[in-house]
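Please look over the sequence and the structure shown below, and then follow the explanation through them one part at a time.

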Amino acid sequence: MKISVVGVGYVGLVAAACLAEGGNNVICVDKDGNKIEGLKKGIIPIYEPGLEELVERNSEAGRLEFTTDIAYGVQNSGVTFIGVGTPSSSDGSADISAVKAVSEAIAKYMTGRHVIVTKSTVPVGTHKVVSDIIKENTNQPFDYVSNPEFLKEGSAVQDFLKPDRVIIGTTKTEIFELMTNIYAPFMRKSSRMIFVDPASAEMAKYAANAMLATRITFMNELSGLCEQFGADIEKVRIGIGSDSRIGKEFLFAGLGYGGSCFPKDVKALAYMGDEQGIEMTIAKSVQAANYRQQDRFAERIIKYCRENGLSQISAWGLAFKAKTDDIRESPAIRSLKKITEAGLKVKAFDPEAMENAARELGEAVEMCEDVYQTLEGSDVMAVLTDWQEFRSPDFDTIREKLSRPVIFDGRNLYSPDFVAGCGIEYHSIGR
């Protein structure tokens with residue numbers, strides 16, 4: 001099938017590469033000429049495991065091409081996926097200006113019947129907005145589909161190739177069947193296609209992310225109570241996760257959630273509720289509690305350093321989570337800003353996110369070439385991102401290089417007893 005995808009971010013580029021992997025001929029469109037030229041040379045603008053190989057393989061096979069010409073993309077395809085960003089506005093609402101602009105362009109360049117698929121996360125009711133824009137700009141027949149993405153940064157390629165479910169929001173059975181054919185290569189074992197109306201598809205995306213954010217935040221709040229009572233949040237997690245009604249996923253306590261999805265979508269859900277006169281009290285509480293968790297960890301480090309006359313922190317991790325270079329709403333970045341504003345010095349390392357973090361943090365944080373370099377001249381160490389390579393470090397080196405061998409573990413990566421046995425003072429979350 002001939003498909004065009006607008007957007008070369010986490011959503012659009014992953015979708016384009018994976019759809020090409022499924023055998024489709026895909027034209028990937030973006031207005032950023034530098035990114036498009038880079039992609040033509042094999043330069044991927046984001047870090048996502050497996051994506052570079054996928055883009056290279058399908059480009060060489062002739063199934064994936066890149067252009068800034070949206071007219072070319074639309075006119076050489078029968079289905080166009082919209083995968084542009086919908087960042088938070090200052091009031092918490094989702095900014096869909098890019099979606100609107102792309103929709104208008106698609107309408108202007110359509111030369112026959114076309115299917116427009118919105119994969120971006122958009123407020124409930126956007127299906128009407130986009131449909132109206134297209135009607136205003138073309139007399140060509142079209143069909144609209146809401147097809148929200150459920151990709152986790154760090155495993156987005158696998159999430160697309162082996163999805164838990166694919167939600168198709170349309171009112172027409174024949175369009176659902178068309179979308180089923182597009183996703184057929186990823187449904188060999190069993191079909192996980194879900195047929196709903198567009199509004200329900202849009203709401204399902206926000207509901208899923210808000211629910212997951214709520215689980216994480218509840219565990220984070222509970223971790224503070226565990227610390228006060230001498231309970232262990234990790235044992236509590238195992239205890240409640242074994243309940244089949246609850247399950248084991250998204251129950252790890254830590255610094256808090258971040259990234260481009262959870263914070264944005266929780267804010268947008270709260271905003272939509274206010275707009276409709278339905279106060280989303282849980283969503284608002286989750287948002288506030290998430291920031292409190294991040295600040296509480298930073299304040300623990302600041303308090304400890306002040307009480308002990310210490311001044312320099314070794315920070316391990318800058319991305320909001322492992323396997324990505326994304327620092328948007330990163331708890332690590334928020335924590336480090338609070339720490340440096342308190343007058344403490346920071347030396348940091350992250351396997352992928354240092355370039356992005358340097359633009360955000362400026363000269364307040366010294367970026368290092370490897371994790372152990374951050375220990376030079378530092379008093380204590382803080383783990384802020386759960387990278388795999390941080391999970392089994394050389395504790396002897398840590399003890400020897402830190403002026404005061406102390407670890408503040410914001411991701412609960414280590415065994416308290418083991419670290420203590422290495423002669424290191426250990427502070428974690430909820431233990």
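Just after helix α2, Gly42 takes a positive phi of about 90°; helices here are DSSP runs of H or I with at least four residues, strands are runs of E with at least two, and both are numbered from the N terminus. This is a predicted model, in which local features need pLDDT of at least 70 and side-chain atom pairs count only at pLDDT 80 or more, while totals for chains, interfaces and linings use all residues. Residues are numbered from 1 along each chain as its sequence is written, and side-chain values use heavy atoms, with hydrogens and water left out.

At the start of α2, a side-chain oxygen of Asp32 comes to within 3.0 Å of the backbone nitrogen of Asn34. Within α2, which spans residues 33-40, the buried residues are Ile36, Gly38 and Leu39, where buried means under 20% relative accessible area with a 1.4 Å probe, protein chains only. Seen down the axis of α2, these buried residues fall within an arc of 160°, so they line one face of the helix; the arc is that of the directions from the helix axis to the C-beta atoms. Their cover includes α1 (10-21), β2 (25-29) and β3 (64-67).

Turn now to Asn147, which sits in the loop between β6 (142-146) and α7 (156-161). Asn147 is buried, with a relative accessible area of 0%. Leaving aside neighbours within four places in sequence, Asn147 is in contact (heavy atoms within 4.5 Å) with residues including Phe81, Val117, Lys119 and Met179. A polar atom of the Asn147 side chain lies 3.0 Å from the backbone oxygen of Ile167.

Notes: Buried means under 20% relative accessible area, exposed over 50%, partly exposed in between (1.4 Å probe, protein chains only). A polar contact is a pair of N or O atoms within 3.5 Å; within protein, one must be able to donate a hydrogen and the other to accept it, and residues adjacent in sequence count only if both atoms are side-chain atoms.
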